[in-house]
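Please keep the sequence and the model in view while reading.

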Amino acid sequence: MSSPTPQASSESLRNAVIRLAGHSQDGIQSIGGFLAQLAGTTAQDVMTYMTIPSTISGGPSIFQVHLGSGEVLHPGDEADTLVAFYQDSYNNHLKSLRDGGICFYDSDQVEELQEGRGIIHIGVPFTSATIEAIGGSAKDRGKNIFVLGMICAVYQLDREQLVGIISKKFGRKSEDVLRNALLAFDAGYAWPVHDIKHMPLAPGENDEERRISTDGNTMLMLGLIAGGCRYGAGYPITPWSTIMEGLRRELPKYGGMFIQAEDELAAVALAIGAAYAGHLSITGSSGPGLSLKSEALGYASMAELPLVVVNIQRGGPSTGLPTSVEQSDLMQAIYGSHGDSPRVVLAPRDVEDCFYTALEACRIAREYSTPVIILSDQAIATRIEAFPEPDLEKHWIEPELDLSERGADFKPYPLDALTRHSPPGARSSEGKYPVVTGLEHDEWGHPSANPEIHEKMTGKRREKLIKLANSLPHPEFYGDEQGELLFVGWGSTYGPIKEATDRLRSEGHRVGALHLRHLHPLRNGLGDIFHHYTHVIVPEMNDGGAYGHGQLATLLRAVTCNPSITSLNKVQGITFRVRELVQGAEKIMSAG
């Protein structure tokens, strides 16, 4: 069946939220990714959100795409369009549609329900129409591409660009696979959907910039390479594994190496070995893996080795929620080793910022000769955003191994300066030969149990974090500089907080938002900022615990002694919706 190509309406949408609901084996992540890639090539903004089952056999899954012609800060509180592949997809996700939204469902699989919210229900035989289009040779494989063609027509997306993305993806396989994919796409694009007006999505506003669209793990990996990491080791765990796979594939191209170890303990030990050899090194995992690495990270703190550690947070504790988001590893990152074991903790705010946070982690690890932990999370790791391509020439670091001779006055652990190691192979013709050890040590690294030396070395390790804190830039600030309420966020709460700030200000409230990349050490002067607001709210995806405050809120209350700091916690394995932040803020402000 075919119909004339839909013509664009004189009206245009600035934003569209599309939710694809089916099972993980249906390829909805693939077509969601295609839509996100399209945004990058057409100067539109995009943010995606997906849920995937943690079982090998698969199961219910969604992929949500928020496309916009301006800045897109969140994946969307409600969907404008729902595409349901099965009855359970339809039943479970119909409530995610806004009033008056559009629901496309597979009429071969779904029986329509009656409801009173003005939703437009459109049954389309995804399964049988796909089989008819490709001749039945591949059963119903390709119905996701059929749906993609239908969405392209409804929103008047750039068909030529989308066909190019599909061709690039499937052209790597075989001619038959590509032909079937294009047949399914054309069938979906031509399917007559007469019950709705085709509404074009407005073009983007940044068409002169070179833009890319990708996910957070990819940008972290690229930032680590650009920042000078050439050696590392890891062990696979969701959702860190794609960084490991990327580094294992890419580092040999730059003269480096990444090793998949037999377990988490071996991985961090190998990475520490590379750091001992004079290289900036990388390891990573998710929360359970960081627990296993904690003893070795204490060694890296004591030995003062330049090590970048990536933690892609997921729901916990224990195995917890392997494919869901949480921000519950902050205290683990800061304090997760025995003894006074200082390390630096950074958190990217979005996919683009993953690249620049990785660059900064590399710089700090080298300059301060210390472990630096990057706390990303499952939401940033897996979602796709579009943004300007980074300038690699500006940011690229080509590492050099310093094997120059160390003189008689060389001390790797001087009390009056930052640590500078002598890698194995560097000559030390005079003086005491320097060593690296996890035991307490003197300025040459030789083990010492002297009480005064331990106190002085503990102070040395502490003071370099204080020096770093004094050098940190102002946190990113948005909104009113004083007033009723200040949001303080970290990690993937950035976008929803910024949007919630806009909505509250549009209602006449005086609201500001502060976002922290540097979680430990914190920048000096935060307490002075907080005193300009009646309420300080910290939204974070962890539990309030026995004392009623989330992990960052607890830290901020301890640092600033400000009782107006309160928590807004969420532990459902999903990110904050904008309306949840708005409603939470209004409730706190109305309480006085």
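The sections below treat a sheet and its helices, one further helix, the nonpolar cores and a single serine.

The model is a predicted one. In it, 7 strands make up an open sheet with mixed pairing, and their order is S9-S8-S10-S11-S13-S12-S18. Strands S9 (257–260) and S18 (518–520) lie at the edges; each has a single partner strand, so one side of each lacks a neighbour in the sheet. From one strand to the next, the twist averages 20°.

Within this sheet, strand S8 (residues 231–234) pairs with strand S10 (residues 281–285) over 2 bridges, in the parallel sense. Here Gly232 is placed opposite Ile282 of S10.

## Helices on the sheet

Helix H8 (residues 241–250) packs on the sheet and touches S8, S9, S10 and strand S11 (307–313). The direction of H8 makes about 135° with that of S9.

Helix H10 (residues 287–303) also packs on the sheet, where S10, S11 and strand S13 (371–377) are touched by this helix. Between the directions of H10 and S11 the angle is about 160°.

## Helix H15

Does the length of helix H15 (residues 451–471) agree or disagree with what its 21 residues should span? At 1.5 Å a residue the helix should span 30 Å, and its end C-alpha atoms are 31 Å apart, which agrees. At the start of H15, the backbone nitrogen of Glu452 has a side-chain oxygen of Asn450 within 2.8 Å.

The buried residues of H15 include Met457, Leu465, Leu468 and Ala469, and also the charged residues Lys460, Arg461 and Lys464. Against which elements do the buried residues of H15 pack? Their partners are H10, strand S12 (344–346), helix H12 (351–368) and S18.

In soluble globular proteins, nonpolar side chains tend to be buried together. The largest nonpolar core of this model has 51 residues, of which Leu20, Phe34, Phe104, Phe126, Val147 and Ile151 touch the most other members. Helix H4 (residues 143–154) contributes the most to this core, giving 9 residues.

## Ser30

Ser30 is located in helix H1 (residues 28–41). With a relative accessible area of 32%, Ser30 is partly exposed, because this value falls between the 20% limit for buried and the 50% limit for exposed residues. Along the chain, Ser30 and Gln313 are 283 residues apart, and 24 Å separates their C-alpha atoms.

Definitions and conventions:
Residues are numbered from 1 along each chain as its sequence is written. This is a predicted model: local features need pLDDT of at least 70, side-chain atom pairs count only at pLDDT 80 or more; totals for chains, interfaces and linings use all residues. Side-chain values use heavy atoms; hydrogens and water are left out. Two strands pair if DSSP finds at least two bridges between them. Helices (H or I, at least four residues) and strands (E, at least two) are DSSP runs, numbered from the N terminus. Axes are lines fitted to C-alpha atoms, for helices over the stretch in contact, and angles run from 0 to 180 degrees between N-to-C directions. Contact means heavy atoms within 4.5 Å. The expected span of a helix is 1.5 Å times one less than its number of residues. Buried means under 20% relative accessible area, exposed over 50%, partly exposed in between (1.4 Å probe, protein chains only). A polar contact is a pair of N or O atoms within 3.5 Å; within protein, one must be able to donate a hydrogen and the other to accept it, and residues adjacent in sequence count only if both atoms are side-chain atoms. A nonpolar core is a set of buried Ala, Val, Leu, Ile, Met, Phe, Trp, Tyr and Cys residues joined through side-chain atoms within 4.5 Å.
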